[in-house]
Amino acid sequence: MDWNEDGLLDIIVGDRNGYINYFRRTSDTDITLTEEPDIRANGTTIDVGYNSSPVVVDWDEDGLHDLIVGQQSSSPGSIRLYLNSGTPGDPTFTDYSYITSGGSNISHYRCCPQVHDMNGDGKKDLLAAENNGYIYYYENVGTNADPEFNGSERLQSEGSDIDLYYGARIWVDDWDEDGYPDILASDYDGYVYQYLAYPTGVSGGQSTSVTGAFGMSLAGSNPTTGSIRLSLDLPRRGQVEIGVFSMEGRCVHRESPGSFRPGTHTLGVDLSSLDPGVYLISCRIEDAALTVKVVLTE
């Protein structure tokens, strides 16, 4: 990221001793870096104790680089927020606060935070990896310029909590360039794992089918507002179950339209109670299931 707004990418990184190191790039042709003084606040080098884990983000959407910093200690909190009171090219920090959830300081031992819009609603969410190997997802229930959190969930993969056993560290990136946030995670033993945002078999709204089971496609527009229509092609009678899932795999709506005869049927699914964002619409008939991605707008 360009820390000093000179058009060159710099490096901001934490260290074992709790400081935040700044390496400034000095050439636009060669990757040459100069080690600058560690990042300071109130005229003093920021020191979070041990294992600082900084993230540069415009937390309050004022056009300036802010810092959130994970730390080893979980008391009185584990994620510090430093708001930038300087200028775009000269960040300045004074006091910090702890990021809270449900009125209490977020607390994870040896915390590694990341900030990303995980559910596609246009607001920055928070992820926190921690020493026991789990990754916690905090959905932003506030605004993009004033994030608020009210509880968390452990991220899952294939129906089980992601568990890296010890010392989880994470990075959010579109690894496979499909437009959705994936997760790269490391552990204490030095391995790196990738978790892709969508499982194999999820459709982007195009017609898809399972041989001998059924076919499904979106019958209406995508993105959509308020509701969607699904077109089902059934080779035999079957009981239909519909589930709507958020980006992190949480079920936010479920309905049972009933049993349908063989043939083509169009079903409406009411999404009016859901916030704008990206959702997975899953249709299950007996032991077969198909899923489409839907973008819900205001």
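**Rings, charges and one aspartate**

Start with Y96: at 36% relative accessibility, this tyrosine is partly exposed. Keep in mind that the model is predicted.

R80 lies over the face of Y96, 4.1 Å from the ring centre.

Now the ring pairs. How many aromatic pairs does a search of the whole structure find? Eight. Take Y96 and Y98. Their ring centres are 5.5 Å apart and their planes are at 85°, so this pair is edge-to-face. Y98 is buried, at 17% relative accessible area.

Another edge-to-face pair is Y138 with F149: 6.3 Å centre to centre, with 75° between the planes. Y138 sits in strand 14, while F149 sits in the loop between strand 14 and strand 15. So the pair ties together parts that are 11 residues apart in sequence. Y138 is buried, at 5% relative accessible area. F149 is buried too, at 6%.

Back to Y96 and Y98. Both belong to one aromatic cluster, together with W3, Y22, Y82 and F93.

Two of those names come up again around D66. This aspartate is in strand 7, residues 66-70. Among the residues D66 touches are Y82 and F93, along with W59 and N84.

Does D66 have a salt bridge, or none? None, although D66 is buried. The nearest side chain of opposite charge is K124, 7.4 Å away. What the D66 side chain does reach is the backbone nitrogen of N84, at 2.7 Å.

Key
Residues are numbered from 1 along each chain as its sequence is written. This is a predicted model: local features need pLDDT of at least 70, side-chain atom pairs count only at pLDDT 80 or more; totals for chains, interfaces and linings use all residues. Side-chain values use heavy atoms; hydrogens and water are left out. Helices (H or I, at least four residues) and strands (E, at least two) are DSSP runs, numbered from the N terminus. Buried means under 20% relative accessible area, exposed over 50%, partly exposed in between (1.4 Å probe, protein chains only). Lys and Arg count as positive and Asp and Glu as negative; His and the chain ends are not counted. A salt bridge is a side-chain nitrogen of Lys or Arg within 4 Å of a carboxyl oxygen of Asp or Glu. A polar contact is a pair of N or O atoms within 3.5 Å; within protein, one must be able to donate a hydrogen and the other to accept it, and residues adjacent in sequence count only if both atoms are side-chain atoms. Contact means heavy atoms within 4.5 Å. Rings of Phe, Tyr and Trp (its six-membered ring) pair if their centres lie within 6.5 Å; planes under 30 degrees apart count as stacked, over 60 as edge-to-face and the rest as tilted. A charge sits over a ring if NZ of Lys or CZ of Arg is within 6 Å of the ring centre and within 35 degrees of the ring normal. Lists of a residue's contacts leave out its neighbours within four places in sequence.
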